[in-house]
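This briefing concerns a predicted model. Please consult the sequence and the structure shown here before reading the points that follow.

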Amino acid sequence: MIYFDTDYMEGAHPLVLRRLVETNSLHTVGYGRDAFTARAKKLILDRCGIDNGEVYFLVGGTQTNAVVLDRLLDHNDGVLATDTAHINVHEAGAIESNGNKILTLPGHDGKLAAKDIREYVETFYSDATNEFMVRPGAVYISFPTELGTLYSLDELRELRAVCDEFRLPLYIDGARLAYGLKGEGNDVTLRDIAALSDAFYIGGTKCGTLFGEAIVTRRPDLFPRFASLIKLHGATLAKGRLLGVQFEALFDEALLAETTIDNDSASDTSASDENVSKSEKCCEVLYDRIGEHAIRLAMKLREAFHVRGYKMLIESPTNQQFVILPNDKLDSLHKVASFELWGPRGATETAVRFVTDWSTTEEDVDLLIANL
């Protein structure tokens, strides 16, 4: 079988796993107070272009969203998000369990529009009874969206402007950020994400680590006593260095440069980079390379769907590809490949999702295409 279900089916990228093994027998203090975690934070802040920010490491995405929004929102506030947002559909009421309502707005190919935010907030404050209503207290988006689509830089700037107008923190879910940043046609950089959001997280679980997400903020003032709140949520990892080691591996230029220059076979993700100069490789980090690898194979798969005349549910420039398959083809493909139905099975055809990641190989994609 070949697997395209999601981007966390395998363990960790070999370079991440190697660093975990190399540091396994060391003794360090707990709770993220170790030197590995401190260095990982610095590497991330430098990469984001943030001088006076903060980084917090948590284990999983739902946990991260719940803890961040618990801090950004008052107990009787709500968060504005699209109807397809991960926090609204696939997090089992985690946000609501904190006492905060998700205030849903219509998505535009999975994206939240600044004009819809403005209309909602203006309507709220023009209502004389708004003191008995749930106040919009923050804005949530993801990059990329649940449908694999991307905000342009102009769209993010528009969101930033409306958030500033109404003094709403903008929080970006970056579970698949590596694939968004390397998505086809993307004009947004990691520094843009850092500058235009009040807080965001860099996803590790879906982008090469065993587990882990890195919350990044340029506004530590929004997160008073945050370590205490993390503990309250049961989200403090005693062996915190495991998170630090993994993110250090993702963002250490020297680690990737040494590996790819001296031994290009050490990482499957270097196979497509034969024409990249040594100086260019030295500027890369593993997080970049993972994103590039997954996107290249996703675009190859998308082109195969197009050439063969399959209908796409949505045109995604990232590592999630949504296609509508006749049910007989769906059944025959399931004999060789594992992938998810995107919603209930239809009478004659069904929307499905194929996902690539760091572990997807050229052979995997070629075999899938051969069976189309």
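Leaving aside its neighbours within four places in sequence, which residues is Thr 318 in contact with? They are Pro 144, Gly 148, Leu 150, Tyr 179, Gly 180, Gly 183, Ile 295, Ala 298 and Met 299.

- Thr 318 is located in the loop that lies between β9 (311–314) and β10 (320–326).
- The relative accessible area of Thr 318 is 0%; buried means under 20%, and Thr 318 is therefore classed as buried.
- One of the residues in contact with Thr 318 is Gly 148, whose backbone oxygen is reached by the Thr 318 side chain at 2.8 Å.

**Helix α11 and its burial**

- Helix α11 comprises residues 241–251.
- Of the eleven residues of α11, ten are buried, so the helix is largely enclosed by the rest of the structure.
- The buried residues of α11 are Arg 241, Leu 243, Gly 244, Val 245, Gln 246, Phe 247, Glu 248, Ala 249, Leu 250 and Phe 251.

**Helix α1 against helix α11**

- The axis of helix α1 (residues 14–22) comes within 9 Å of the axis of α11, and the two cross at roughly 135°.
- Because of this angle, α1 is oblique to α11.
- The α1 and α11 helices cross in a right-handed sense.
- From α1, the contact involves Leu 15, Val 16, Arg 19 and Leu 20; from α11, it involves Leu 242, Val 245, Gln 246, Glu 248, Ala 249 and Leu 250.
- Sorted by class, the contact of α1 with α11 holds seven nonpolar residues, one polar residue and two charged residues.
- Among the α11 residues that meet α1 are Val 245, Gln 246, Glu 248, Ala 249 and Leu 250, which are also listed as buried.

**Helix α6 against helix α7**

- Helix α6 (residues 114–126) and helix α7 (residues 153–165) have axes that come within 9 Å and cross at roughly 15°.
- Angles under 35 degrees count as roughly parallel, and α6 is therefore roughly parallel to α7.
- The crossing of α6 with α7 is right-handed.
- Ala 114, Ile 117 and Arg 118 make the contact on the α6 side, while Glu 158, Leu 159, Val 162 and Glu 165 make it on the α7 side.
- By class, the contact of α6 with α7 has four nonpolar and three charged residues, with no polar residue.

Key. Residues numbered from 1 in each chain as written. Predicted model: local features only at pLDDT ≥ 70, side-chain atom pairs only at ≥ 80, totals over all residues. Heavy atoms only, no water. Axes fitted to C-alpha atoms, helices over the stretch in contact; angles between N-to-C directions. Helix = DSSP H or I, 4+ residues; strand = E, 2+ residues; numbered from the N terminus. Parallel < 35°, antiparallel > 145°, perpendicular 65-115°, else oblique. Left-handed = near helix turned anticlockwise from the far one by under 90°. Contact = heavy atoms within 4.5 Å. Nonpolar A, V, L, I, M, F, W, Y, C, P; charged D, E, K, R; others polar. Buried < 20%, exposed > 50% of the residue type's maximum accessible area, 1.4 Å probe, protein only. Polar contact = N/O pair within 3.5 Å; in protein donor to acceptor, adjacent residues only side chain to side chain.
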